[in-house]
Amino acid sequence: TTDKPSHFLEQIIDKDLADGKFASICTRFPPEPNGFLHVGHAKSICLNFGLAEKYQGQCNLRFDDTNPEKEEQVYVDAIKEDVRWLGFQWAGEVRYASDYFDTFYEWALHLIREGKAYVCDLSPEEASEYRGWATKPGKDSPYRTRSAEENLDLFERMRAGEFDEGAKVLRAKIDMASSNMNLRDPILYRIRKQSHHQTGDKWCIYPSYDFAHGQEDAIEGITHSICTLEFQDHRPLYDWFIENLPVPHKPRQYEFARLNLNYTVTSKRKLKKLVDEGVVSGWDDPRMPTISGMRRRGYTPSAIRKFCDMIGVTRSDGIVDVAMLEHAIRDDLNENAARAMAVLDPLKVVITNLPEGEVQEMTAAAHPNRPELGERVLPFTREIYIDRSDFTEDTTLSRKKFKRLVLGEWVRLRSAYVIRADEVVKDDDGKIVEVRATLVPGTVGENPPENIRPRGVIHWVSATQGRQAELRIYDRLFTHEAPDRGEEDFMKHVNPESLAVMQAWIEPGLADAKPEQGFQFEREGYFVADRLDHTAENPVFNLTIGLKDTQGK
Ligand code: ATP
Ligand code: MG
Ligand code: MG
């Protein structure tokens, strides 16, 4: 590639390729299938798949499934769908760490034979005491001196299911005095009498993350194994395994800063709590920062990818303003979403000089500067709805202050006539229930005569041809800027008003929207036809995002 490197990882890759270290690169995205992916994972997906695209290498999708009790097939399926939806395709078949369990087992035997691993009987409490802490060296386990023969025998019996969970572990023999805690004889295998979503009951011992990850990379020929900064201290251990095992290839681990967003939690465990406790309707609730939640909310893959690009790749942790993500979404929708009209708080207007039953067909561009998106037909009838906030009887308001319909004055109806408000009808409580108006003939697509000065342009929907729709109006899920970084439980910061459901009137063509189709409801916001619940009979739209950044900071 001739592009300039845009971050440190590209610099490293450029150099590796220039030095002839590799002919081409191979990256991987390695989720654990213990939940749905969130916006932080989107960052990692865009980075790993993006690098493979840029350098014409390959990126694998590999499930890091070494921990069966928290993992499920539904998560595997959801993750595959999310990656594809973001617009990426993994190289070849999906891979599973569990595909390599036989090899890992062989490699554990190899370490035992070399005197570099031993079976340890310390209880978890004892083991942690023996480990010491950062400023206090650990001490050797009494089981550390077991012979290779004894270790081979015990490890094989661990595998055969002879011992209870927690009774024994296999540990690497490295250095109990190391200043790096990860090197103090880390655990390689634990006993877990648990079936696994891929391997069933074949195994009752499972490798640790550390004993699995680098070896998975080695087996797959990963050249650049990219993970988040919290694994930096694991790198010496990663390298130790690569040096001490008969691996077919030597991968390298590189770390970058994880994505943190304000007003958002990005931890599968915490997101699962929101699901399990019914705070949201599921992992794909449109308020969730999951990829499937953002999808249902109407965020587009291109906008999410753009956002991930915009925030860059660094080696220092920071918190990104969620307004940046929202900005990327808004930009994308402004560019691409078709326009439509919906009235959220309807006030009836009767056009007294249009006969009942007459339907005039207005046309409007689907998008102001995207002629290829075509036109839409808007039936104009005697009875229409406008938004209640677009009318006032107060004739003292200046033209500048109120660019809408005022009693006795004119306004333009979007893509239709200029009308004049002649009188109002009120109910017993004095509430306006109807505005009676007249249209100015010849003003569709034409300026009115000079003495007629509309104050502005407002949206409308035919009361007889329009349709009703359910609108789901979403707000931030958390009211606190750093919901999980303070003293208090993050659940305390859930916004009790993050969802409001209302009925609205929509232009009739919107009923034919396809699920997941996004629109700008003019003057109201960006909405998307709900992926699951929207039908032509019962239209349902989700608020994706407002027109402007009104939430402030
Ligand atoms: P969680 O804490 O939410 O469970 P995780 O890191 O345990 O996240 P994995 O399934 O192991 O989740 O992650 C798969 C990949 O995504 C890893 O390489 C991980 O580093 C990366 N990743 C996870 N969260 C983020 C984030 N916030 N920003 C960038 N990358 C992330
Ligand atoms: Mg993980
Ligand atoms: Mg995790």
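Visitor: Which classes of residue make up the lining of the largest cavity?

Guide: Its lining has 5 nonpolar, 4 polar and 1 charged residues. Here Ala, Val, Leu, Ile, Met, Phe, Trp, Tyr, Cys and Pro count as nonpolar, Asp, Glu, Lys and Arg as charged, and the others, Gly among them, as polar. This is a predicted model: local features need pLDDT of at least 70, side-chain atom pairs need 80 or more, and totals for chains, interfaces and linings use all residues. Residues are numbered from 1 along each chain, chains are lettered from A and ligands numbered from 1 as written, and side-chain values use heavy atoms, without hydrogens or water.

Visitor: How many cavities of 30 Å³ or more are there?

Guide: A cavity is a set of points on a 1 Å grid over the protein atoms alone where a 1.4 Å probe fits but cannot get out; lining residues have an atom within 4 Å of a point. Points join across faces, edges and corners, and volume is the space filled by probe spheres set on them. The count is 1. The largest cavity holds about 60 Å³. Its lining includes Tyr 209, Asp 210, His 234 and Gln 253.

Visitor: Which element gives the largest share of that lining?

Guide: Helices are DSSP runs of H or I, at least four residues, numbered from the N terminus. α7 leads, with 4 residues.

Visitor: Which polar contacts hold ligand 1's oxygen and nitrogen atoms?

Guide: A polar contact pairs N or O atoms within 3.5 Å. A polar backbone atom of Leu 259 is 2.8 Å from a ligand 1 nitrogen.

Terms used
A polar contact is a pair of N or O atoms within 3.5 Å; within protein, one must be able to donate a hydrogen and the other to accept it, and residues adjacent in sequence count only if both atoms are side-chain atoms. On a 1 Å grid over the protein atoms alone, a cavity is a set of points where a 1.4 Å probe fits but cannot get out, and a pocket is an open set with protein on both sides within 12 Å along at least five of seven lines; lining residues have an atom within 4 Å of a point. Helices (H or I, at least four residues) and strands (E, at least two) are DSSP runs, numbered from the N terminus.
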